[in-house]
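Reader: I have a structure open on my screen and would like to talk it through. Could you walk me around it?

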Amino acid sequence: NLGGETRSLLAVARDGKFYGYLLLSDTLRPSAKETVAALKTMGLEVVLVSGDRRPAVENAAKEAGVETFYAEVLPEDKARIIRQLQSSGKKTAMVGDGFNDAPALSAADIGIAFASGADIAVEAADITLMFQDIKAVSKAIVLSRAMRKTVRQNLFWAFIYNALLIPAAAGAFYPW
């Protein structure tokens with residue numbers, strides 16, 4: 001075992017001569033665990049969907065505190081998973097930054113990409129985060145919820161104004 005199943009082995013050779021190997025692995029973003037906890041506190045279900053090998057995805061999910069995960073998923077299958085979640089009545093948000101994430105970003109109710117990601121992912125997303133920190137995802141959700149509350153309040157008061165005060169003002173100009 002050269003580093004566990006969560007790492008990928010890359011052999012290095014030139015002109016048929018073996019020179020060595022490299023062990024490659026992705027590392028969890030520093031604030032991933034904290035962000036997952038914050039999203040769960042908001043009442044959101046977090047699902048990890050990745051094209052990486054199952055052992056690596058399972059390890060990342062466990063480390064981040066994600067119970068539901070999908071591994072070895074092709075780009076079109078990521079979008080299919082999003083549509084399955086939607087067909088079960090769930091609203092979906094997809095966070096991604098790679099070329100392979102673009103179909104799922106487009107399929108999700110809200111696509112969130114990092115500005116430093118692939119151009120096609122940024123183009124497919126509804127929201128582009130300017131910072132590379134994953135914590136920006138939970139901050140964006142908090143901000144969008146606050147904005148939605150403000151818009152609803154404004155619509156309520158506009159309706160009250162239009163329903164009560166405009167007819168009253170019009171009556172003031174009516175010649176009795």
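Predicted model: local features only at pLDDT ≥ 70, side-chain atom pairs only at ≥ 80, totals over all residues.

Reader: How many bridges join strand β1 to strand β2?

Author: Strands here are DSSP runs (E, at least two residues), and helices are runs of H or I with at least four, numbered from the N terminus. Two strands pair if DSSP finds at least two bridges between them. β1 (residues 8-14) and β2 (residues 17-24) run antiparallel, and the number of bridges joining them is seven.

Reader: Which strands stand at the edges of the open sheet?

Author: The open sheet has three parallel strands in the order β5-β6-β7. An edge strand has a single partner, so one side is left without a neighbour in the sheet; these are β5 (93-96) and β7 (127-129).

Reader: What is the bridge partner of phenylalanine 114 in β7?

Author: Strand β6 (residues 110-114) is joined to β7 by three bridges. For phenylalanine 114, the partner in β7 is leucine 129.

Reader: Is phenylalanine 131 buried or exposed?

Author: Phenylalanine 131 sits in the loop between β7 and α6. Buried means under 20% relative accessible area, exposed over 50%, and partly exposed in between (1.4 Å probe, protein chains only). Because its relative accessibility is 61%, phenylalanine 131 counts as exposed.

Notes. Residues numbered from 1 in each chain as written. Heavy atoms only, no water.
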